[in-house]
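Work through the exercises below with the model open beside you. Try each task before you read its solution.

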Amino acid sequence: MPPSSPPPPPRSTGPISVQRAAYGSGGRVCDATRWARSRTQGRQTATLDVTNNICGDPAPGARKSLEVTYVCGSVPKTASANEHRSLFLDCTP
């Protein structure tokens, strides 16, 4: 019996599929999932500007961040960036 070959690695290609996105600080966050999906749907890469334009200011006076959980093909990924920065999502091989 020939030796079995290892399973292929998970595919990381495919369009970005946002599972969840949250913007804010500490316990004061807003659900930014729909906002992130609308800007990444069908794309292999996307750059998101992290500002209060996402969903208002959920934590006035605090430094906020955007955290996005997404899938590329069958590979789960997360990315985050602080306010006034850009967040890059990438599903290229």
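Predicted model: local features only at pLDDT ≥ 70, side-chain atom pairs only at ≥ 80, totals over all residues.

Residues are numbered from 1 along each chain as its sequence is written, and side-chain values use heavy atoms, with hydrogens and water left out.

**Exercise 1. List the elements of the chain, then work out the order of the strands in the open sheet.**

Step 1. Count the elements. The protein chain has one helix and six strands. (Both are DSSP runs numbered from the N terminus: helices are H or I with at least four residues, strands are E with at least two.)

Step 2. Read from the N terminus. The elements run β-β-α-β-β-β-β.

Step 3. Find the sheet. Four strands form it, in the order β2-β1-β4-β5, with antiparallel pairing. (Two strands pair if DSSP finds at least two bridges between them.)

Step 4. Look at the edges. β2 (28–31) and β5 (75–82) each have a single partner strand, so one side of each has no neighbour in the sheet.

Step 5. Check one pair. Eight bridges join β4 (residues 65–72) to β5. Take L66: its bridge partner in β5 is A81.

**Exercise 2. Describe the surroundings of A22: is this residue buried or exposed, and what does it touch?**

Step 1. A22 lies in strand β1 (residues 16–25).

Step 2. Check its accessibility. A22 has a relative accessible area of 11%, so it is buried. (Buried means under 20%, exposed over 50%, partly exposed in between, with a 1.4 Å probe and protein chains only.)

Step 3. List its contacts (heavy atoms within 4.5 Å). Leaving out residues up to four places away in sequence, A22 touches C30, A32, S65, L66 and E67.

Step 4. Compare sequence and space. A22 and V68 are 46 residues apart along the chain, yet their C-alpha atoms are separated by 6.7 Å.

**Exercise 3. Trace the salt bridges of K64 and name the residues they join.**

Step 1. Recall the idea. Side chains of opposite charge can pair when their charged atoms come close. (Here a side-chain nitrogen of Lys or Arg must lie within 4 Å of a carboxyl oxygen of Asp or Glu.)

Step 2. Find the partners. K64 meets D57 at 3.1 Å, N to O. K64 also meets E83, at 3.7 Å.

Step 3. Join them. Shared partners link D57, K64 and E83 into one network.

Step 4. K64 is buried at 3%, whereas D57 is partly exposed at 35%. E83 is buried.
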